Amino acid sequence: MSGLLNHCILQVVLDTPLHAVFDYRWPCAGAERPQAGQLALVPFGRREVAGLIVGVADSSDVPADKLKDALAVRSQLSPLSPQWLALAGFAADYYQRPLGEVALPGLPKNTRLATTVALDRALKKLAKLDTAHDGTPLNVPQLNPAQQQAADAIGGAQGYLPTLLHGVTGSGKTEVYLQACAQVLAREPDGQILILVPEINLTPQLEGNIRARFPGVMLATLHSSLSEGERMLHWLAAHEGRARIVLGTRLAILASLPALKLIVIDEEHDPSYKQQEGLRYSARDLAVWRARQLNIPIVLGSATPSLESWQHAQSGRYRLLTLRERAVQNAVLPRISLLDMERDKPQDGLTSALVAALRLRMERGEQSLLFLNRRGYAPVICCEACGWISNCHRCTAYMVLHRPEHRLRCHHCSLEMRIPRHCPDCGNVDLQPLGRGTQRVEEGLQQLFPAARILRIDADSTRRKGSAQAAFDSVHRGEVDILIGTQMVAKGHDFKNLTLVGILNPDTALFSQDYRASERLFAQLMQVAGRAGRAGQSAGGSVSEVLIQTRYPQHPLYGSVVRHDYDNFASALLEERQQAALPPFLYQALLRAEAPELATAIDFLTQARDLLVHPEVTLHDPIPMSMTRVHNVDRAQLLLEAASRPLLQAFLKEWLQVLRTVKTRVKWSLEVDPVDI
Ligand SMILES: Nc1ncnc2c1ncn2[C@@H]1O[C@H](COP(=O)(O)OP(=O)(O)OP(=O)(O)O)[C@@H](O)[C@H]1O
Ligand SMILES: [Zn+2]
């Protein structure tokens with residue numbers, strides 16, 4: 001043990017897979033002692049890296065000649081609060097990751113550089129920003145009684161109180177959040193509010209609403225399309241308590257908010273709240289934890305709550321508030337009908353009834369939306385002579401035809417090639433597209449409605465920065481007659497002049513292996529249906545309409561959709577899950593393994609399964625993942641289940657400790673509460 005005269009020891013975590021705290025020497029004499037929550041620059045191997053100080057001690061177990069000196073402490077930055085450290089600590093613990101791997105990537109890159117030029121510039125910029133804060137809301141609309149009750153209940157809540165706001169599409173949940181925010185800002189002179197939305201494309205509309213409502217309040221946004229400079233500034237504004245409202249996507253849940261007083265999770269059911277790589281966290285679950293830790297209210301809003309949240313509302317763990325009607329006068333929920341594709345055979349993917357409905361909207365000058373959750377022109381091309389199909393040779397997947405770009409593309413490994421002129425197997429020149437993506441529907445529409453202004457919005461049409469926003473703006477300005485898009489257009493958007501929604505091809509999800517598929521399909525259909533008829537009666541005076549093309553019009557899921565019946569659908573599904581012992585009545589973790597050969601991955605998982613037994617934790621047999629091969633790597637998984645969270649957590653801790661000592665070339669990772677199994 002080395003006692004150090006005039007020095008102290010900084011205990012630092014780093015962004016590495018090692019579960020370790022590293023000690024560094026730092027001159028403390030005279031100078032102020034650094035604190036936990038500050039960042040330090042330290043030597044690590046041959047690099048200089050940023051670390052987070054988690055403790056400061058007088059001595060270290062590391063021998064003095066092995067102990068290295070820290071290079072700098074970022075004292076210009078206020079320390080991260082103990083509450084923030086606890087949040088990062090909880091996330092690391094719960095998702096079984098080293099603290100440094102959770103905490104450091106949660107901070108803007110510019111705080112983690114070897115130089116402080118960017119950090120100092122941002123601090124200077126922040127200091128120059130107008131400091132006046134005025135939480136007075138402007139142009140506050142009159143709420144309807146149900147909205148008012150909800151806004152008061154949320155805005156007036158004290159202490160930890162999770163609320164599920166179940167409001168039908170277009171019921172004005174946004175307005176409820178804004179008026180609850182106004183109450184919190186009025187009551188808490190220094191308070192901060194965090195608002196999360198599931199998708200980056202939903203931020204501009206809400207950002208506009210917030211700025212118009214609270215012109216005297218500093219708003220920071222945090223999402224993945226900010227430049228590093230912008231992210232630094234916005235993060236700092238939140239960290240220094242200057243930004244009072246922080247609006248962001250899931251990554252914003254790790255923002256430093258020293259005076260957080262209210263959390264709003266909009267569209268709480270949305271799968272995008274789950275990070276699907278690296279630290280696979282659920283921003284919604286972390287938000288609830290954060291609210292409990294800080295003893296503050298949190299509101300989870302949705303027209304189609306997740307079954308997890310719905311169950312909490314049923315059991316009384318969450319308070320349930322309901323908005324049954326649309327907010328705008330005369331706006332009613334659309335009439336939803338099923339179009340039987342066996343009777344009305346589609347041409348170019350569209351049944352004659354849907355075409356007629358589109359034509360009617362064209363005549364009336366109203367907008368229509370066609371929803372198809374498949375981008376590209378066709379999911380595959382094939383040779384009718386010999387049966388060849390365009391498989392990706394690196395993945396268990398097809399190469400998707402992108403006709404406008406004259407390419408075949410794998411959506412999983414990004415492999416690209418020109419469309420072959422003839423069949424690679426038999427030389428036949430007649431290669432045919434099979435099935436239909438958004439590009440093909442767009443092409444068909446252009447032929448059917450040559451005069452229509454048709455716009456496609458999907459990941460392909462919005463690759464350039466700002467192009468998605470420009471596309472949505474043109475819809476809002478009324479420059480589009482028919483909008484065709486993937487799930488990008490399905491959620492959250494408040495289209496004013498849209499009176500028809502057509503849903504193409506939702507059937508495949510009815511028969512998916514994934515037990516969550518029906519929950520997701522129901523939510524998706526209700527959400528996209530909910531884009532219609534939001535602004536009241538159409539010019540023609542008719543109710544807005546949703547048409548679903550299906551081969552299974554008798555399927556009970558569609559019956560619930562037609563009746564707008566979330567409650568009974570959710571209850572039935574919860575009962576099914578309980579009987580089948582599935583989440584949320586059971587807790588799961590998934591160990592994934594990747595190797596060049598499937599057998600290697602399976603062998604590793606089998607070895608992992610046999611490392612530890614526990615009478616109350618089930619370890620299933622390892623199986624290949626449903627999409628086994630991606631980018632020349634085979635993937636397999638091992639599912640773990642237990643009846644309680646603490647039980648599973650305790651097991652994982654012990655198990656991983658052993659697993660980490662296993663020497664293997666297999667790449668493995670663990671996911672807690674997996675959603676894609
Ligand atoms: N009290 C009110 N009076 C009149 N219009 C209102 C009122 N509250 C909200 N609105 C309007 O109702 C429309 C729908 O509101 P909002 O977008 O908040 O719905 P939502 O509940 O979030 O729906 P979704 O779940 O579909 O996203 C908006 O155009 C909004 O301006
Ligand atoms: Zn591929």
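These are my notebook entries on a predicted model.

**Entry 1**

Which strands sit at the edges?

Strand 23 runs parallel to strand 24 (residues 482-485), and 4 bridges join the two. I picked out one bridge: I454 has I482 in strand 24 as its partner.

Then I looked for a helix against this sheet.

Is R456 buried or exposed? I counted 25 other C-beta atoms within 10 Å, so R456 is buried; the cut-off for that is 20 or more. I listed its contacts, leaving out residues up to four places away in sequence. R456 touches T438, Q439, E442, S461, I484 and G485. I also checked R456 against L369. They are 87 residues apart along the chain, and their C-alpha atoms are separated by 9.8 Å.

I moved on to K465. This residue lies in the loop between strand 23 and helix 12 (467-476). I found 9 C-beta neighbours inside 10 Å, so K465 counts as exposed. The cut-off here is 12 or fewer. I then looked from K465 to K667. These two are 202 residues apart in sequence, and 34 Å lie between their C-alpha atoms.

**Entry 1: two helix pairs**

I looked up helix packing next. Two packed helices are described by the angle between their axes and the distance between the axes.

I took helix 4 (residues 145-155) and helix 5 (residues 173-187). Their axes come within 8 Å and cross at roughly 40°. That makes helix 4 oblique to helix 5. The crossing is right-handed. From helix 4, the contact uses Q147, A150, A151, I154 and G155. From helix 5, it uses E175, V176, Q179, A180, Q183 and V184. I sorted the contact residues by class and got 6 nonpolar, 4 polar and 1 charged.

My other pair was helix 9 (residues 307-315) and helix 15 (residues 566-579). They pack at an angle of about 95°, and their axes are 11 Å apart. Helix 9 and helix 15 are therefore roughly perpendicular to each other. I listed the residues that meet. L307, W310 and Q311 come from helix 9, while A570, L573, L574 and R577 come from helix 15. By class, this contact has 5 nonpolar, 1 polar and 1 charged residues.

I found another open sheet, with 3 strands in the order 19-20-21 and antiparallel pairing. Its edge strands are strand 19 (400-402) and strand 21 (416-418). Neighbouring strands of this sheet are turned by 30° against each other on average, direction ignored. Strand 19 and strand 20 (residues 407-409) are joined by 3 bridges. In one of them, H402 is partnered by R407 in strand 20.

I also checked strand 3 (residues 22-27). Strand 2 (residues 7-14) pairs with strand 3 in the antiparallel sense over 6 bridges. There, Q11 has D23 as its bridge partner. Strand 3 also runs parallel to strand 7 (residues 68-69), with 2 bridges. Here the partner of Y24 is K68.

**Entry 2: backbone exceptions**

I ended with the backbone angles. Most residues other than glycine have a negative phi, and most peptide bonds are trans.

Q96 is not a glycine, yet its phi is positive, about 60°. I located Q96 in the loop between helix 1 (82-94) and helix 2 (99-103). With 18 other C-beta atoms within 10 Å, Q96 is partly exposed.

H564 also is not a glycine, and its phi is positive at about 55°. I located H564 in the loop between helix 14 (556-562) and helix 15. H564 counts as partly exposed, with 18 C-beta neighbours inside 10 Å.

Where is a cis peptide bond? I found one joining P583 and P584, with omega about 5°. P584 lies in the loop between helix 15 and strand 27 (587-595).

Definitions and conventions:
Residues numbered from 1 in each chain as written. Chains lettered and ligands numbered in written order. Predicted model: local features only at pLDDT ≥ 70, side-chain atom pairs only at ≥ 80, totals over all residues. Axes fitted to C-alpha atoms, helices over the stretch in contact; angles between N-to-C directions. Parallel < 35°, antiparallel > 145°, perpendicular 65-115°, else oblique. Contact = placed C-beta atoms within 7 Å. Nonpolar A, V, L, I, M, F, W, Y, C, P; charged D, E, K, R; others polar. Pairing = 2+ DSSP bridges. Left-handed = near helix turned anticlockwise from the far one by under 90°.
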